Amino acid sequence: MFSQLTTALLLAGLSHVTLAAAMPAEMNLSSVKAENGVVIDTRPSAFYNGWPQTLNASGGHEPAALNLSASWLTLMSDEQLLTWAKQHQLNKSGLMALYGDDAQAVKARLEKLGFTQISMLKDGLQDPSRLQKLAHFEQLVYPQWIHDLQNKKPVTAAPAGEWKVIEAGWGSPKKYLLSHIPGAGYINTEEVESEPLWNKVSDDKLKAMLTKHGIRHDTTVILYGRDVYAAARVAAIMLYAGVKDVRLLDGGWTTWSAAELPVERGLPPHPAPADDFGAPIPGQPQLMLDIEQARALLHRKDASLVSIRSWPEFIGTTSGYSYIKPKGEIAGARWGPRGI
């Protein structure tokens, strides 16, 4: 005869088997929602953001879906993946429904980490009317889009007029010389920022820099960098100046290299300078505040001054930069965690 302990263990095992058997291989969106499950899009982030996977198709993601691209799996350690799950409040026994061509690879990786309730979303991307897009997703481009544009193929959200691809980086273009996107120019961030605190250069210098690179207010500028922050800073300053259409390569040089698309070697080209920027500078002054304007926010009930620097920088443990000695924050500023 079985002991009570043996019987309990058998029942526990049977209940586990029953639970596993009850987990369907596929579920539709309404069923996932009814069980408070989480939907995860495993496609590249460009398609999640809103770019169509084929020309003239519908783009976007399922309502409230998270993005965990299969292409990230080789770049994320188990610890990083678990941190991602924690940030999104996912627990190992919670229901997840995945969709995308490489969903099975993501499922296998999550199961290896102990997530047990994973299904495939049967009707994923089947109803274009319910797909959601990130606002202004067109400003964050992906490698194949640039490659197709360069080869004069039709692309979604094509530039309205002249366009340029430009690499942004600090200092001389040492890495650019060895390998860069074909036809790309180069902008040293020192052309748009000045010491000692690397604030924006004067509007007159900014205008001179833009026209030197052949950039007018109606030129589409597609920026990338080895350091994506360098490209983002240049993009922000160009938008402030009044360049109407500024795009960023999502993931920067790393994504272009990973896509194994063509590259070039050599010095940056010498673009024909523009006769004039063609519009007053700044075109969007509201995008940047000076110190006095920032301080003024501290006294307004309808505004906040928020630091998105790291916590050690915010509390004054470090300046965050080897070349900047002052530490701390503006008194009264709030801290806003970044990357969430």
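The legends below describe close-up views of a predicted model.

**Figure 1. Overall view of the protein and its three domains, domain 1, domain 2 and domain 3.** The predicted model has 340 residues, and 39% of them count as buried. Along the principal axes, the C-alpha atoms fill a box of roughly 95 × 50 × 40 Å. The secondary structure consists of 12 helices and 14 strands. Domain 1 covers residues 26-121, domain 2 covers 137-286 and domain 3 covers 289-339. Between the C-alpha centres of domain 1 and domain 3 the distance is 34 Å. Among contacts in the protein with a separation of 6 or more, 68% join residues 24 or more positions apart. The accessible surface amounts to about 19900 Å², and carbon and sulfur atoms account for 56% of this area.

**Figure 2. The largest nonpolar core, with 22 residues.** The members that touch the most other members are Leu206, Leu210, Ile215, Val221, Leu223, Met238 and Val243. Two or more residues each come from strand S7 (163-169), helix H8 (203-212), strand S11 (220-224) and helix H9 (228-241). Helix H9 gives the most, with 7 residues. In soluble globular proteins, nonpolar side chains tend to be buried together.

**Figure 3. Surroundings of Val243, a member of the largest nonpolar core.** Residues up to four places away in sequence are not counted here, and Val243 then touches Ile215, Arg216, His217, Thr219, Val221, Met238 and Phe277.

Figure 4. Helix H6 spans residues 143-150. Because 6 of its 8 residues are buried, H6 is largely enclosed by the rest of the structure. The buried residues of H6 are Pro143, Trp145, Ile146, His147, Asp148 and Leu149. After H6 comes Lys152, which has a positive phi, near 60°.

**Figure 5. Pro143 in helix H6.** Is Pro143 buried or exposed? Pro143 counts as buried because its relative accessibility is 11%, below the 20% cut-off. With neighbours within four places in sequence left aside, Pro143 is in contact with Leu249, Thr255, Trp256, Ala259 and Leu261. Ala46 is 97 residues away from Pro143 along the chain, and the C-alpha atoms of the two are separated by 9.7 Å.

**Figure 6. The salt bridge between Arg233 and Glu193.** The whole structure holds 16 salt bridges. In the one between the side chains of Arg233 and Glu193, the N to O distance is 2.8 Å. This pair links distant parts of the chain, since Arg233 lies in helix H9 and Glu193 lies in strand S9 (residues 193-194), 40 residues apart. Arg233 has a relative accessible area of 34% and is therefore partly exposed, whereas Glu193, at 9%, is buried.

**Figure 7. Salt bridges of Asp123 with Arg130 and of Glu313 with Arg309.** The side chains of Arg130 and Asp123 form a salt bridge at 3.3 Å, N to O. Both residues belong to a network of salt bridges that links Glu62, Asp123 and Arg130. Asp123 counts as buried because its relative accessibility is 18%. In the salt bridge between Glu313 and Arg309, the closest N and O atoms are 3.8 Å apart. Glu313, at 7% relative accessibility, counts as buried, and Arg309, at 23%, counts as partly exposed.

**Figure 8. A nonpolar patch on the surface, formed by Leu177, Leu178 and Leu267.** Together, Leu177, Leu178 and Leu267 have about 310 Å² of accessible area. Leu178 is located in helix H7, which runs over residues 174-178. Why does Leu178 count as exposed? Its relative accessibility is 52%, and exposed means over 50%.

Conventions:
Residues are numbered from 1 along each chain as its sequence is written. This is a predicted model: local features need pLDDT of at least 70, side-chain atom pairs count only at pLDDT 80 or more; totals for chains, interfaces and linings use all residues. Side-chain values use heavy atoms; hydrogens and water are left out. Patches are made of residues with over 30% relative accessible area and no salt bridge: like charges are joined within 9 Å, nonpolar side chains (Val, Leu, Ile, Met, Phe, Trp, Tyr) within 5 Å. Accessible areas come from the Shrake-Rupley method with a 1.4 Å probe; for residues, only the protein chains shown count as cover. A salt bridge is a side-chain nitrogen of Lys or Arg within 4 Å of a carboxyl oxygen of Asp or Glu. Helices (H or I, at least four residues) and strands (E, at least two) are DSSP runs, numbered from the N terminus. Buried means under 20% relative accessible area, exposed over 50%, partly exposed in between (1.4 Å probe, protein chains only). Domain bounds come from an automatic or database domain assignment. A nonpolar core is a set of buried Ala, Val, Leu, Ile, Met, Phe, Trp, Tyr and Cys residues joined through side-chain atoms within 4.5 Å. Contact means heavy atoms within 4.5 Å.
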